[in-house]
Amino acid sequence: MTAAGRPARDGWNIGAVLERLRPEFPDVTISKIRFLEAEGLVTPQRTPSGYRRFTEDDIARLRFVLAAQRDHYLPLRVIKDQLDQADRGGAPPLAAVARQLSAVPTEVSDTLDVDEAPALRLTRAEVAAKATVEIELLDELEQYGLLAADDGGFYDGDAVRVARLAADLAEYGIEPRHLRAFRAAADRELGLVEQVVAPLYRQRDPSARERADAVTRELGTLAVGLHSLLVQAGLRRMISR
């Protein structure tokens with residue numbers, strides 16, 4: 001990259017790509033970009049000296065992958081299929097696909113952004129106000145393990161969703177004490193994921209953390225998808241009786 005911020009004639013180096021992506025994806029790292037390359041989602045050219053050189057198309061692919069993961073929790077396999085279809089001309093251009101994705105609401109989206117929600121620091125009163133519920137409901141949810149404040153006594157944005165959903169379920173007579181089964185099921189699923197990724201987190205390779213984070217997200221997406229599918233299939237059987 002030149003001093004004026006222009007790419008070198010043979011493309012952008014990985015550091016310059018990182019600078020371009022970070023305003024939109026603050027958590028992206030060089031290790032993450034290398035991981036996506038290793039998974040075949042982007043294939044930058046190499047100079048005779050072995051340095052990576054990214055084209056504008058490569059950067060567009062990275063932006064598409066990162067947005068699909070962040071905003072839609074899509075598994076890498078699904079993202080790669082989308083990219084492969086675009087490469088074969090069997091799908092709209094990458095930019096058009098990205099626009100379509102951004103217009104599709106995710107199953108987990110609500111009034112809060114899925115990435116923004118966990119980063120919030122809310123008091124009990126703020127959670128109750130945002131979820132439009134009574135403080136007493138939060139007390140019950142904490143009693144049965146569905147909500148928990150951090151060490152500073154604050155809650156993240158997910159607490160708002162939990163409280164709102166619990167309030168909606170209460171309208172049908174399903175009270176917080178009945179929701180312990182949901183907590184137990186989630187804990188069992190998390191335990192299974194942890195068994196798989198724990199060895200990855202113990203590795204000393206600097207890139208292992210990126211790999212472990214990516215595998216965790218991938219397994220989480222698959223677990224949530226399977227859970228939803230099983231519940232939906234059960235509901236269909238119940239309705240068809």
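Leaving aside neighbours within four places in sequence, which residues is Arg52 in contact with? They are Trp12, Asn13, Ile14, Arg34, Glu37, Pro44, Gln45 and Arg46, where contact means heavy atoms within 4.5 Å. This is a predicted model, in which local features need pLDDT of at least 70 and side-chain atom pairs count only at pLDDT 80 or more, while totals for chains, interfaces and linings use all residues. Residues are numbered from 1 along each chain as its sequence is written, and side-chain values use heavy atoms, with hydrogens and water left out.

**The chain as a whole**

- The chain holds 11 helices and 2 strands; helices (H or I, at least four residues) and strands (E, at least two) are DSSP runs, numbered from the N terminus.
- Read from the N terminus, the order of elements is α-α-β-β-α-α-α-α-α-α-α-α-α.
- Of the 241 residues, 32% count as buried; buried means under 20% relative accessible area, exposed over 50%, and partly exposed in between, using a 1.4 Å probe and protein chains only.
- Among contacts with a separation of 6 or more, 59% come from residues 24 or more positions apart.

**Arg52 and strand β2**

- Back to the opening residue: Arg52 sits in strand β2 (residues 52–53).
- With a relative accessible area of 19%, Arg52 is buried.
- Its side chain makes a polar contact with the side chain of Glu37, at 2.5 Å.
- A polar contact is a pair of N or O atoms within 3.5 Å; within protein, one must be able to donate a hydrogen and the other to accept it, and residues adjacent in sequence count only if both atoms are side-chain atoms.

**Helices α1 and α2**

- The axes of α1 (residues 14–21) and α2 (residues 30–38) come within 10 Å and cross at roughly 105 degrees.
- That makes α1 roughly perpendicular to α2.
- Axes here are lines fitted to C-alpha atoms, for helices over the stretch in contact, and angles run from 0 to 180 degrees between N-to-C directions.
- Angles under 35 degrees count as roughly parallel, over 145 as roughly antiparallel, 65 to 115 as roughly perpendicular and the rest as oblique.
- On the α1 side, Ile14, Val17, Leu18 and Leu21 meet Ile30, Ile33 and Arg34 of α2.
- The residues of this contact divide into 6 nonpolar, no polar and 1 charged.
- The buried residues of α1 are Ile14, Ala16, Val17, Leu18 and Leu21, and they pack against α2, β2 and α3.
- Asn13 caps the N-terminal end of α1, with a side-chain oxygen 3.1 Å from the backbone nitrogen of Gly15.

**Helix α3**

- The 17 residues of α3 should span 24 Å at 1.5 Å a residue, and the end C-alpha atoms are 23 Å apart, which agrees; the expected span of a helix is 1.5 Å times one less than its number of residues.
- Buried in α3 are Asp58, Ile59, Arg61, Leu62, Phe64, Val65, Leu66, Ala67, Ala68, Gln69 and His72.
- Ala60 also lies in α3 (residues 56–72), and at 32% relative accessibility it counts as partly exposed.

- Ala129 is placed in helix α7 and, at 55% relative accessibility, counts as exposed.
- Ala129 and Val160 are 31 residues apart in sequence and 8.9 Å apart in space, C-alpha to C-alpha.
- Val160 is one of the buried residues of α9, along with Gly157, Ala159, Arg161, Ala163, Ala166 and Ala167.
- Helix α9 (residues 157–170) has 14 residues and reaches 20 Å from its first C-alpha to its last, close to the 20 Å expected.
- At the start of α9, a side-chain oxygen of Asp156 reaches to within 3.0 Å of the backbone nitrogen of Asp158.
- Thr132 lies in the loop between α7 (124–131) and α8 (135–143) and is exposed, with a relative accessible area of 60%.

**Helix α10**

- Leu192 lies in α10 (residues 180–201) and counts as exposed at 54% relative accessibility.
- The C-alpha atoms of Leu192 and Ala223, 31 residues apart along the chain, are separated by 9.6 Å.

Key. Ala, Val, Leu, Ile, Met, Phe, Trp, Tyr, Cys and Pro count as nonpolar, Asp, Glu, Lys and Arg as charged, and the others, Gly among them, as polar.
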